[in-house]
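Here are some brief notes to read alongside the coordinates.

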Amino acid sequence: MPGWLKGWVLPVLLFIGWEAGSRAGWLPLDSTSRPSLVYKAGLDGFKDGSILQATWQTLEAAMLGLALATVTGVAIGIMLGLSSRMESATRPTLDALRPIPSVALIPLALMLFGFGLMLEATVVAFACFWPILLMTIAAVRGIEPRLLEVARTLELGTFERLKKIILPAALGRLMIGLRLAVAISLVVAVTVEVVINPRGLGSTMMAAQQSLRSDVMYAQLVWLGLVGWLLNALTHRAVRAWPGGEGAPA
Amino acid sequence: MKARKFNFEAVLFVVGLLVCWQLFAEFKLISPIFFPSPAKTLTTLYERAADGSLWPPLANTTVRMIYGWVFACVCGMVLGLLIGISRNAREYLEPSLEFLRPLPASAIIPVAILFFGLSDSMSTAVIAFGSVWPVLLASIHGFAQIEPRLLEVAASLRLTRAQTLWKIVIPAAMPDVLAGARVSLSIALILAIVTEMQASLPGLGQDILLAQRSFKSAQLYAGVVMLGLLGFAANASLVWAERRLLRWRPN
């Protein structure tokens, strides 16, 4: 059997066992549902647009949070990367903030923003901020010192220096941090929705579970898995395509 | 590493931040309902530690985190060993795992609720599923990359399979496994908090959510600080364990 086929054995067997076990009545229908029912629920969800709407809400929050984290993380990262004095002054503070689990900020963000997009985006931003910040610092530190000397000799202004030297030189590593952050953003967005925020896929899944529609719930779970997998594959390609990102870990 | 000297600027930065925060709260630039002063936050933390109401939720969250994490570590190591040393297992299992891995762990909370109800087993299952990935991937890597010469040594010493496993394979993969386990623990803490909030299980996660609902902002901030400390302590103790367990390594 060729290698790529072997990967399909387990999922296919599982699906057949699931469907057969359910039809034979061995599996309780209200908790395990049945693949054919799940498929139908998924089709219905796409037809009435509910799945796509929820997916958009989740991705919207993830991307907004990611954008916030990228802007602040890269800006602060470049500052701290260029000045080791500033880095050593802020390092203990950052080290004290970093172990705070992102989800611990959910009640805090809820109090400040109420339910909605901003609640989710701020928690996502906090979680994504750290990998971006650390990778940016490392990336700026890794810039060939002679390049910075060249910038000094050419008497480039701060903006020119950023645009012409620092950003291009640091971009490869920066993309790796960004890729980590993309994966984190989806996870955290769904988490906030599952816990509390009444929007997006996480929340529609909880609602389906609470109204005993396990078929709808599984359909959305499988869809979410696909979205996560696609996002992962896409960012991986983007990073590899970037000069300097070839050696990126899978 | 340089010798540790007193980092004056770092202290200044922290103090500056705290003073800014205190002033912000003092002049009520943001309503104190949402934004308590640091002094008030720390007093609340101290009071709750003194009257003992802080410890039960802290213990609950810690135990919950460790339960799920131990589960994840055992499953991750066994599966990692299997996939790492057997090409067949790798070809059959890895594609399925690749699909499951990017799935947000909290998305299986509704599934786990269906099977286990709003119970501690639900939370353990979710934590185990979510935190298994780092330790699993690290174990696969660790077990797959064992120096072949070590295995030749084992063969020439005529070690049995169990002996080889115990004396050669597991120690050689240990550095990778432990590094993965450390990442897993931080995820376990996050999921412990998440399940507590979602299913109203006792612990710090539920604690801060209740504080928010009753607008006890100082208690909420104190809880967040406590969770930060817990995260820090969890990570630090594993770094310490790593150092002790890997003392035999040259660097």
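Predicted model: local features only at pLDDT ≥ 70, side-chain atom pairs only at ≥ 80, totals over all residues.

1. From helix 8 of chain B, the residues involved are Leu178(B), Ala179(B), Ala181(B), Arg182(B), Leu185(B), Leu189(B) and Ile193(B). They meet Leu227(B), Leu230(B), Gly231(B), Ala234(B), Asn235(B), Leu238(B), Val239(B), Glu242(B) and Leu245(B) of helix 10 of chain B. By class, this contact has 12 nonpolar, two polar and two charged residues.

2. Now the geometry. Helix 8 spans residues 161-199 of chain B, and helix 10 spans residues 217-245 of chain B. The two pack at an angle of about 160°, and their axes are 10 Å apart. Angles over 145 degrees count as roughly antiparallel, so helix 8 of chain B is roughly antiparallel to helix 10 of chain B. Their crossing is right-handed.

3. Next, the cores. The largest nonpolar core holds 110 residues. Ile106(A), Leu221(A) and Leu220(B) have the most contacts inside it. Helix 7 of chain A, residues 117-141, gives the most to this core, with 14 residues. A second, separate core has seven residues, including Ala72(B), Leu97(B), Trp133(B) and Leu136(B).

4. What does Leu221(A) touch, not counting residues up to four places away in sequence? Its contacts are Met205(A), Leu103(B), Ala107(B), Ile108(B) and Val111(B).

5. Last, look at Thr61(B). This residue lies in helix 3 of chain B, residues 55-85. Thr61(B) counts as buried because its relative accessibility is 0%, and the cut-off is under 20%. Leaving aside neighbours within four places in sequence, Thr61(B) contacts Leu189(B), Ala192(B), Glu196(B), Gly203(B), Leu204(B), Gly205(B) and Leu230(B). Leu189(B) and Leu230(B) also take part in the contact of helix 8 with helix 10 of chain B.

Notes
Residues numbered from 1 in each chain as written. Chains lettered and ligands numbered in written order. Heavy atoms only, no water. Axes fitted to C-alpha atoms, helices over the stretch in contact; angles between N-to-C directions. Helix = DSSP H or I, 4+ residues; strand = E, 2+ residues; numbered from the N terminus. Parallel < 35°, antiparallel > 145°, perpendicular 65-115°, else oblique. Left-handed = near helix turned anticlockwise from the far one by under 90°. Contact = heavy atoms within 4.5 Å. Nonpolar A, V, L, I, M, F, W, Y, C, P; charged D, E, K, R; others polar. Core = buried A, V, L, I, M, F, W, Y, C linked by side-chain atoms within 4.5 Å. Buried < 20%, exposed > 50% of the residue type's maximum accessible area, 1.4 Å probe, protein only.
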